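Here is a short briefing to read alongside the model. Have the sequence and the coordinates open, and let us walk through them together.

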Amino acid sequence: MKTAQRDVLVQTLKKRFESHMHRHPTVVWADVHERLNANKLKALQDMEATGGEPDVVGSAAADGTYLFCDCAAESPSGRRSLCYDAQALHARKLHKPQNSAIEAAAAMGVTLLTEAQYRALQEVEDFDQKTSSWIWTPPDVRERGGALFCDRRYGRVFVYHNGAESYYAARGFRTSLSV
């Protein structure tokens with residue numbers, strides 16, 4: 001990442017951080033900024049470029065890390081219409097999507113949110129009121145051909161299942177990154 005591009009990203013992250021202090025009331029930007037490195041910035045740039053609007057969603061963990069999550073109101077627009085994983089993508093015979101959520105996240109250097117992370121994110125703000133997001137799926141569900149996704153409707157967070165090979169224009173994925 002070039003210096004100018006890095007500087008623009010850091011300024012964008014800082015501005016978002018300062019504009020949404022309710023997401024991280026006890027966190028100081030200087031502490032987060034100090035933990036950013038080239039690998040983390042590349043992943044954050046990919047999150048930003050695909051419409052994720054990454055932001056810190058809490059204070060430092062016991063190991064001193066901070067958690068960035070996608071904080072776009074709806075599932076990131078640049079990460080929609082994807083099936084769950086490579087196995088599902090290869091299983092599709094017709095109308096294959098361009099990629100899968102798991103492989104796209106791995107290429108970005110991030111991971112899909114777990115159900116617990118998704119629910120915690122929804123405690124910060126209301127997200128995915130018109131869209132839905134794939135979440136990490138436990139192996140026992142995936143082995144049976146399924147995958148999990150979530151959304152927020154009627155003031156509640158719902159967890160659903162679908163065939164892992166399915167994909168929809170309104171379903172993407174949210175990610176997390178520890179820095």
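Predicted model: local features only at pLDDT ≥ 70, side-chain atom pairs only at ≥ 80, totals over all residues.

The notes below go from the overall build to the cores and then to the aromatic rings.

**Overall build**

- The protein has 7 helices and 8 strands.
- Taken along the principal axes, the C-alpha atoms fill a box of roughly 50 × 40 × 30 Å.
- Buried residues make up 45% of the 179 in the protein.
- Among contacts with a separation of 6 or more, 61% join residues 24 or more positions apart.

**Nonpolar cores**

- In soluble globular proteins, nonpolar side chains tend to be buried together.
- The largest nonpolar core here has 33 residues, and the members that touch the most others are Val 32, Leu 44, Phe 68, Trp 134, Phe 173 and Leu 177.
- At least two residues of this core come from each of α1 (3-19), α2 (29-35), α3 (38-49), α4 (86-91), α5 (101-108) and β5 (146-153).
- Another core, of 11 residues, lies apart from it and includes Val 57, Tyr 118, Phe 127 and Ile 135.

**A look at Phe 173**

- Which residues is Phe 173 in contact with, leaving aside its neighbours within four places in sequence? They include Leu 82, Ala 101, Ala 104, Ala 105, Met 108, Leu 112 and Trp 134.
- Asp 70, Ser 75, Pro 76, Arg 79 and Ser 133 are also among the contacts of Phe 173.
- Arg 79 lies over the face of Phe 173, at 5.2 Å from the ring centre.

**Aromatic rings**

- The structure holds 5 aromatic pairs.
- Phe 158 and Tyr 160 form a stacked pair, because their ring planes stand at 25° while the centres are 6.0 Å apart.
- Ring pairs link Phe 158 and Tyr 160 with Tyr 84, Trp 134 and Phe 149 into a cluster.
- Phe 149, a member of that cluster, has Arg 171 over its face, at 3.4 Å from the ring centre.
- Trp 134 brings several of these topics together: it belongs to the largest nonpolar core, is in contact with Phe 173 and takes part in the ring cluster.

Key
Residues numbered from 1 in each chain as written. Heavy atoms only, no water. Core = buried A, V, L, I, M, F, W, Y, C linked by side-chain atoms within 4.5 Å. Buried < 20%, exposed > 50% of the residue type's maximum accessible area, 1.4 Å probe, protein only. Helix = DSSP H or I, 4+ residues; strand = E, 2+ residues; numbered from the N terminus. Contact = heavy atoms within 4.5 Å. Phe/Tyr/Trp six-rings, centres within 6.5 Å; stacked < 30°, edge-to-face > 60°. Lys NZ or Arg CZ within 6 Å of the ring centre and 35° of its normal.
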